[in-house]
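User: Hi! Could you walk me through this one with me? I'd like to chat about what holds the fold together.
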Amino acid sequence: MNQPAMSDPLLLGIRHHGPGSARSVLKALTEWQPDLILVEGPPDAQDLLPLAVDPGMKPPVALLIYDPAEPRRAVYYPFAEFSPEWQAIQYGLRQQTPVRFMDLPQAIRMALDIEAEAAMEPTEPVDEATAEAEGVESQPTEDATDRGADDSLLPDIRRDPLRWVAEAAGYGDSERWWEHWVEQRQDSSELFQGIQELMSSLRAEADVQSPSSALEQQREAAMRNHLRAARKEGFARIAVVCGAWHVPALATLPPAREDTARLKGLPKRKLAATWTPWTYGRLTYASGYGAGIESPGFYHHLWESAGEPTIPWLTRVTHLLRAHDLTASTASVIEAARLADALAALRARPRPTQEELNEATLAVLCHGDAPPLQLIKEQLLIGERLGEVPESTPMLPVQQDLQRLQKRLRLPPEAGQRVLELDLRKPNDLERSQLLHRLNLLQIPWGQAEQASGKGTFKESWRLQWQPELAVAVIEANLWGNTVLSAATARARDCAANSEQLSLLTELVAQTLLAELPDAIGEVMARLQNVVALTSDIPHLMDSLPPLARILRYGNVRQTDAGLVRHIVEGLVTRIAIGLPAACHSLDDEAAEALLSRVRAMHDAIALLQAPEQTEIWQAALAKLVDQAELHGLLAGYACRALFEQDVLSSSETARQMGLALSLAGEPARAAAWLEGFLHGSGQLLLHHAALWDILDGWVSGLSGEAFVSLLPLLRRTFARFPAPERRQMGERVKRGSSGRAPTVTESDVNVARADRVLPILGKVLGLV
């Protein structure tokens, strides 16, 4: 490599994540032996650099810069082991060479963003939750070669400057061009000089089209000031590692006064910084990261196997396929390697790239099937690696408390999804459940509750996956307290004090009890009682009952004091039962469907309570609906069905009600709605009660052609909801005739002697003996 003069800085233009760039940077630094390394990055995090060589720091990790007053306003700077900046930092710190970040501080960039937001007048309302989520995902795009410059409205040459070069060289996109000519390059001599010349030409063309954005000019002015300051301090051999697009701007320095004027008077914010674990999934384009790459897992493999990556990679693929019970022989690995080499030779490439390896894998190891290749993409090409940060990393109290709890409860965060089955009878599992509920209350959705397998009330199932952006949510939780428990308690109190909606309060009561927050439950319950007393809307009262019913039913299993809500539930059931008939009066189809879903949820909640007094009150309310005039057929039919299943209505009375509802003298549309409500969810009633079947059969047969055609969509929707076996049985019954009764088996058809031999065994199977 031709070394620049002693007074000139060594400019290493790179892409932010690439093993080839990282090796070239490491080789250049080793040969150059600089006395200072300037790395494109946030000066706000300068004090955190020494932690990069801590044994506990395991990439992928990210620098997190955030506003303590508004933690969701945050920016990440991710690093992988194969990131050129990471390798430059590692080299400098291990060689005891000073390493500094250079760029426009985020303290200024965030202040500029806030000023710009304040100046904007949105033409339509902005969803605050969406805006916050977008703030959490904020990723700095530090290089025009990494998906464009700062302004997405700039011409294409600024958004993706290498696209012009890639198309001229016959490549479909700039990513493939950079991959083949930089990342796959074996000889890095003259590489950085060539990159500088290329970027100089592209920037000259871009400047002809339009000037660069104000932010880009400010950033490069700040970089040049860092370079000037280093020279003033006496550093003679300065190495600069930055995005390739910025190299020409640092090669020739304009007068200092121009850059000083460009940066004068810019606003600032007081920010904080820390290291946080990152994942390979968040390094991809698909995650929304502006400087993302396609296959972080494959790049990690290339970094670890610098010599010949083909056989080791195909071996990893084989192990993965075998772990999922898919055939992959040693002979197939050899054949796939030969095919990959042949494809690379046909394309005049020195060795197989990811493209050739994927094609060989698909043809040989996957036998042409795409699903196994998708598995390889998720677990190997991208990977599920989650980084780690040392314990000495600056952390806020809630972060420290959460880490202690994760270690004590043996619940480490993982990048991949996993299902966690908890037995609430075990103290450790119960504490795990309480932690996950507290985190959800703090809007830290590490785990999502799922339906547990089995029927035991002591089981709980969670789907866990740690996402890097949860680090911001944990930081934000410090606004509520210094521990997970105190923060969750404070937030529960605040939600209760500021909530007016009854259904939200009942959910909050459930969350508070499940999270075991004894210092908050009193205030939450008091608020719930006040809102219940002031609420007269029956649908809202119905929405509030199911969560409370679950608390009463499962509270003792979780060691929670469910008695706190018993008297509220009793009052709610009585008030709903009294007001339900009036609430069901004169409803259109849409309102009736909405109320039916609430009635069904209410019915399930009453059944869950297993309280005879409450069941009797509810059944009396349903009985009033059955006899109520001008009631929508959907509700009347469901009420009749519910009472019949609970043996409140006899078979004969149910048949009478059905006959009246399906009378040919009545309105066909109401009859069809009644039938839909009566058969909602299951047609077993028709299959096991011949009288009901005959009434339905007579009603359908008696419809006029015009009425049948108009009701056909509703009838089809009703019967389409039944399981396929039920529909098949109904079809067979229709074929057999009017009543649909199967041939009766008489006693003479039974071989009593053979039956006597079977009965003892059948009794043992059924547990009767």
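User: How many salt bridges does the count come to?
Analyst: The count comes to 32 salt bridges. Keep in mind that this is a predicted model.
User: OK, which side chain does Arg72 meet in a salt bridge?
Analyst: That would be Glu476, at 2.8 Å from N to O. Arg72 lies in strand β4 and Glu476 in helix α19, so the pair ties together parts that are 404 residues apart in sequence.
User: Nice. Is Arg72 buried or exposed?
Analyst: Arg72 counts as buried because its relative accessibility is 17%, and the cut-off for buried is under 20%.
User: And how many residues of α19 are buried?
Analyst: 7 of its 8 residues, so helix α19 is mostly covered. Among them are Leu470, Val472 and Ile475.
User: What does α19 lie across?
Analyst: Helix α19 lies across β3, β4 and β7, and runs at about 145 degrees to β4.
User: Switching to that sheet, what's the strand order?
Analyst: The order is β4-β3-β7, in an open sheet with antiparallel pairing. β4 and β7 are the edge strands, and the twist averages 30 degrees from one strand to the next. Helix α3 also packs on the sheet, touching β3 and β4.
User: How many bridges join β3 to β7?
Analyst: There are 6 bridges between them. In β7, Thr274 is the bridge partner of Leu64.
User: Back to charges: which residues are linked in a network of salt bridges?
Analyst: Arg347, Arg349, Glu355, Glu356 and Glu359. Within that group, the side chains of Glu359 and Arg347 meet at 2.9 Å, N to O.

Note on methods. Residues numbered from 1 in each chain as written. Predicted model: local features only at pLDDT ≥ 70, side-chain atom pairs only at ≥ 80, totals over all residues. Heavy atoms only, no water. Pairing = 2+ DSSP bridges. Helix = DSSP H or I, 4+ residues; strand = E, 2+ residues; numbered from the N terminus. Axes fitted to C-alpha atoms, helices over the stretch in contact; angles between N-to-C directions. Contact = heavy atoms within 4.5 Å. Buried < 20%, exposed > 50% of the residue type's maximum accessible area, 1.4 Å probe, protein only. Salt bridge = Lys/Arg side-chain N within 4 Å of Asp/Glu carboxyl O.
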